[in-house]
Amino acid sequence: MRQFPLEMHHVAPGRVVEWRLRSTAAAEAGGAGDPAGRKASFNQDKHFTVAEESRAADDPVASWVAVTFEVTGPLDERALSQALLSFVQRHEVLRCAFRRLAGELACEPFDPAELTLDPEQVGAFETADLLRDFLVDRFKRSIDTLSWPLFIMGAVVREDSATVYLAFDHIVCDGMSMPIVARDVLTAYEGLCGGEGVELPPAPSYLDFADEQRRRYLSIDAQDERLGYWKEFIARGGDFFPKFPLDLGVEPDRMYPIVNEGSMLLDAAEAEVFEKTCVAVGGKPFMGVLGSVAVCLREAGGPGVYRGFMPVSERGRGTWAHSVGWFVNTMPIEFDASPGRDFAQVMAGVRAGFTEMISHVDVPFVRAWELLAPEEFAARSWPYPVNFFSYIDMRRCPGAERHDEWQPATHVWSARANGACSWFHRDAEGLHMNSLYVDTPAARATMTDFQEALRRTVQNVARSGGFGGSVALPPPRRPVGTPLDVAAYARRR
């Protein structure tokens with residue numbers, strides 16, 4: 001399982017059916033079943049506030065996170081409908097409506113027994129290109145932070161197979177929720193088709209997580225000692241947000257359309273050697289990738305000391321492992337990648353920086369942002385291009401043992417941006433990179449050069465054990481952003 005642009009996904013043509021979520025009590029009661037509601041998390045509150053302010057300024061923002069996966073054999077549409085409904089009933093955050101109550105954002109959950117799905121036959125698509133265009137447009141137009149439901153569900157049905165898709169507003173999920181979606185829906189579907197009971201591990205509600213988070217951190221102020229790590233980071237760099245160090249050609253206070261690219265950095269064999277090389281110097285693969293990113297940024301003109309943001313899972317050791325929600329904190333990390341430092345030395349710096357970061361991970365990012373950078377917090381976006389790094393090993397996700405059969409894939413999209421974000425994913429086929437960045441000539445040139453330099457660097461680590469190994473690399477096997485890695489999916493089908 002990996003993350004790549006939906007535009008790169010080859011989905012065989014077929015007949016499209018969608019299921020609309022509806023509350024049978026909504027028309028009578030006028031909304032969700034709990035009029036008092038429950039409080040949203042800090043991530044949700046900020047996300048919803050930006051949507052409100054953008055709508056009021058007639059400058060709407062939009063984004064979605066989606067998952068697609070395969071069903072082999074003729075599709076039992078009734079069984080899939082039941083599986084989708086049980087999935088929504090299982091995860092409370094998916095059956096919530098959001099609204100302002102006395103200034104705070106409330107989550108109002110619908111009673112799961114009062115929810116139903118209405119099937120809608122959308123139509124047949126004769127070619128993969130027409131289908132892809134429909135799905136891209138469908139996701140963009142259908143996901144609205146301010147409207148319930150906050151996701152869409154559908155399938156492309158063929159005689160002997162189907163591609164199921166679900167697309168969500170970020171307010172109800174994160175990237176790590178996508179393998180959970182695939183596992184939950186397909187496990188329920190297979191059980192229903194086989195006439196067997198469905199047994200899934202416990203999935204505590206994200207709303208309980210949000211309640212606990214707000215109780216712990218809503219009352220803190222800027223003088224709280226738990227903000228010490230953030231204050232030291234700001235003092236050393238001068239800003240709350242660590243700047244992306246390369247030229248993207250952006251103007252202040254302006255948002256741009258995005259480029260969404262995906263590419264393979266290492267194949268399966270190379271990724272395995274890369275991991276062993278990292279372990280040999282006391283590190284982990286994500287540390288090796290982050291160290292390689294730092295060296296490439298430095299070689300392209302960035303500073304010797306890497307400063308960036310890194311998302312960190314808040315799911316804990318098993319507590320929320322099977323729950324859908326936005327379990328992500330964002331933390332600053334800093335380490336030395338100066339010229340002259342070899343792979344082992346850079347890795348030691350990454351390890352030390354990560355260890356220090358994790359020891360201070362408890363304060364939510366949005367709360368730190370609000371307290372330590374209040375002027376920037378009032379804006380609808382980050383103030384300038386920010387250095388951002390994310391890594392997920394999809395082989396360790398729930399349901400990973402069935403990924404080769406299910407063919408799940410994650411897709412993200414945002415309407416506009418003012419910088420660049422890169423996500424790195426490891427799966428059974430290798431190490432992959434998905435980047436969203438501003439569509440400017442400077443950014444296209446910068447990111448193309450950066451991605452190719454990073455590919456050569458991680459390949460050098462795998463082949464020679466260092467950043468600048470003596471093994472000459474062959475010419476690039478493909479232009480950055482072409483869907484060679486995705487084509488493997490189509491071939492296996």
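Two strands count as paired if DSSP finds at least two bridges between them; strands (E, at least two residues) and helices (H or I, at least four) are DSSP runs numbered from the N terminus. The model toured here is predicted: local features need pLDDT of at least 70, side-chain atom pairs count only at pLDDT 80 or more, and totals for chains, interfaces and linings use all residues. Residues are numbered from 1 along each chain as its sequence is written, and side-chain values use heavy atoms, with hydrogens and water left out.

**Whole chain**

Along the principal axes, the C-alpha atoms fill a box of roughly 70 × 55 × 40 Å.

Colouring by accessibility comes next. Buried residues (under 20% relative accessible area, with exposed over 50% and partly exposed in between; 1.4 Å probe, protein chains only) make up 56% of the 493 residues. The accessible surface, from the Shrake-Rupley method with a 1.4 Å probe, comes to about 20,100 Å², and 52% of it belongs to carbon and sulfur atoms.

**Strand β2 and its partners**

Select residues 15–23, strand β2, together with residues 115–124, strand β7: the two pair in the antiparallel sense over nine bridges. Within this pairing, Leu21 has Leu117 of β7 as its bridge partner.

**Asn43 in helix α2**

Move to residues 42–56, helix α2, and pick Asn43 within that helix. Asn43 has a relative accessible area of 13% and is therefore buried. Which residues does Asn43 touch, not counting those up to four places away in sequence? With contact meaning heavy atoms within 4.5 Å, they are Trp326, Val328 and Val366.

**Cysteines**

Finally, display the cysteine sulfur atoms. Where a disulfide is a pair of these atoms within 2.5 Å, the count comes to zero. Cys173 is in no disulfide, as the nearest cysteine sulfur, that of Cys96, is 13 Å away. Cys173 is buried at 0% relative accessibility. Cys296 is likewise in no disulfide, and the nearest cysteine sulfur, that of Cys278, is 14 Å away. With a relative accessible area of 5%, Cys296 is buried.
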